[in-house]
Amino acid sequence: MPESRFAFAPFCVLLLCTAPAQAQSISGSARAVDGDTLDITGQEVRLHGIDAPEARQTCLRDGVAWPCGTAARDQLALLVANAEVACESVASSTGTMIARCEANGIDLAESMVVAGFATVPNPDDADYAAMAERVKVRRIGIWAGSFDAPALWRKAHPEAVRKPAASRTAQPSRSKTYRGLFGCAIKGNISRRMGENIYYLPGMKYYDGTRPERLFCTEEEAQAAGYRRSRGG
């Protein structure tokens, strides 16, 4: 692991501050939260370009309800089982990193589309959209019957939708390495107003707008240096 417990030169800090969101990366073992969302040792990551049935959503097949949301989650779990998952972020929302992810060299979003467990809400994602059309014609997965688009199902069942990551109590992740284009990616900032040393993880609400005074690769490093995780995102 590269040494990171020192203040970077202003030039390097400026580069990191102005680096685009897609330069942020994360890798490690992953757990499937639902059909398009992963938990990579504490960081919630949503697969870019697709929308899968919610975990509690049901679909119809041969006129009978079946737990398509659970099936989608199980399919994603199978794809990431015992694999190193690598993600490159394209955006973030309420503490969730939105990213393109691979496992064993396989594009996870593409695999979910091909397996028939994900829709492609944006037709501008041409490759995914073309795959979805072929899968739809072959009546694979959720296309074998009828279902509500995941976005419509969420709107109709707000009580059944899982809360976003930012609304849940965050626990420090102690086995994950955060690296970006310029090295360690956890930003440490000294708050003169509050008199505290605070660190921000990629994907947090205030991450992109924070000018780091220290950079860390792991939360252990940040905490050992006297920094605490940001409570406000």
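Helix α4 spans residues 126–138, 13 residues in total, and extends 19 Å from its first C-alpha to its last, close to the 18 Å expected at 1.5 Å a residue (the expected span is 1.5 Å times one less than the number of residues). The model is predicted: local features need pLDDT of at least 70, side-chain atom pairs count only at pLDDT 80 or more, and totals for chains, interfaces and linings use all residues. Residues are numbered from 1 along each chain as its sequence is written, and side-chain values use heavy atoms, with hydrogens and water left out.

**Chain overview**

- The protein chain has 6 helices and 15 strands, taken as DSSP runs (helices H or I, at least four residues; strands E, at least two) numbered from the N terminus.
- Of its 233 residues, 45% count as buried (under 20% relative accessible area, with exposed over 50% and partly exposed in between; 1.4 Å probe, protein chains only).
- Among contacts (heavy atoms within 4.5 Å) between residues at least 6 apart in sequence, 65% join residues at least 24 apart.

**Helix α4**

- The buried residues of α4 are Tyr-128, Ala-129, Met-131, Ala-132 and Val-135.
- They cover an arc of only 160° around the axis, which puts them on the same side of α4; the arc is that of the directions from the helix axis to the C-beta atoms.
- These buried residues pack against β9 (106–107) and α3 (108–114).
- Exposed residues Asp-127, Arg-134 and Val-137 sit on the face turned away from the buried side of α4.

**Disulfides**

- The structure holds 3 disulfides, each a pair of cysteine sulfur atoms within 2.5 Å.
- With bonded cysteines counted along the chain, the pattern is 1-2, 3-4, 5-6.
- Cys-59 is joined to Cys-68 with an S to S distance of 2.0 Å; the torsion about this S-S bond is about 75°, so the disulfide is right-handed.
- Cys-59 is buried at 3% relative accessibility, and Cys-68 is buried at 0%.
- Cys-87 is joined to Cys-101 with an S to S distance of 2.2 Å; here the torsion is about 115°, so this disulfide is right-handed.
- The pair links Cys-87 in strand β7 (residues 85–93) with Cys-101 in strand β8 (residues 96–103), 14 residues apart; both cysteines are buried.
- The sulfur atoms of Cys-184 and Cys-217 are 1.8 Å apart, and with -75° about the S-S bond the link is left-handed.
- Cys-184 lies in strand β11 (residues 183–184) and Cys-217 in the loop between β14 (214–216) and α6 (219–224), so the pair ties together parts 33 residues apart in sequence.
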